[in-house]
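Okay, thanks for coming, everyone. I'll go through one structure today, pocket to begin with, then the sheet and the helices on it.

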Amino acid sequence: MIKNIIFDIGNVLTDFRWREFLEDKGFDDAKIKEIEKATVMSPYWNEFDRGALSYDEVMKLFEKENPDIRDDLYKAFGDIHGMVTKRDYAIPWIESLKKAGYKVYYLSNFSEKAFYECADSLDFLPYCDGGILSYRELLIKPDEKIYDLLCKRYSLDPSECVFIDDTPRNIEAGEKYGINGIVFKTYDQVNNDLKGMGVSY
């Protein structure tokens, strides 16, 4: 029986709209692809989310490997407010689950910079029963240790949990640990999948 709902944040409870964010800053498609390769697709990005690299450290590494676009990198990521934006259904969704008796948690790869500069998109956090942000723990999905930490910290039985994430490999890692999983595609699809698991709200 499912008792606990665990949400990823980016592209589940919020929009992680980094491409649109870069468009908003005036970059064309060719430049966005350059910036993407240098940053979001770099292994350093994961280390930034993990909390193993500070903003200054990760920017120096990006710059070292991509000196020709140094100014673009700092223009892009000097202020990242607007990269993560709220989804209006987040709080009502959490409230409806809690009203039906379920516990709600979050489990997200999230950098410290995004936490503070995109704080307006995270207004649902106080409605949750707890959760984990990667930068605080020096762990990121899909490392099994992050799922283990969540379950142990909140005394959760993995078999009584369902994890909702938009990245299949994160769901697969959770399932390997014993947590039920749903790959997020749309809000309606996840609601239907939850009901198929016997989650009633």
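So, the largest pocket: there's about 720 Å³ of space in there. By pocket I mean, on a 1 Å grid over the protein atoms alone, an open set of points where a 1.4 Å probe fits, with protein on both sides within 12 Å along at least five of seven lines. The volume is the space filled by probe spheres set on those points, which are joined across faces, edges and corners.

Before I go on: this is a predicted model, so local features need pLDDT of at least 70 and side-chain atom pairs count only at pLDDT 80 or more, while totals for chains, interfaces and linings use all residues. Numbering runs from 1 along each chain as its sequence is written, and side-chain values use heavy atoms, without hydrogens or water.

Back to the pocket. Its lining, meaning residues with an atom within 4 Å of a point, has 33 residues, and Phe16, Trp45, Asn46, Asp49 and Asn109 sit nearest the centre. Strand 2 (14-16), helix 3 (43-50), helix 4 (55-65), helix 7 (112-117) and helix 10 (168-177) each put in at least two residues. Those elements are DSSP runs numbered from the N terminus: helices are H or I with at least four residues, strands are E with at least two.

Strand 1 (residues 4-7) and strand 6 (residues 161-165) share 4 bridges, and isoleucine 5 has valine 162 as its bridge partner in strand 6.

Gln189, Val190, Asn191 and Leu194 of helix 11 are buried, and their cover includes helix 6 (90-99) along with strand 1, strand 6 and strand 7. After helix 11 comes glycine 198, with a positive phi near 90 degrees. That's me done, thanks.

Notes. Two strands pair if DSSP finds at least two bridges between them. Buried means under 20% relative accessible area, exposed over 50%, partly exposed in between (1.4 Å probe, protein chains only). Contact means heavy atoms within 4.5 Å.
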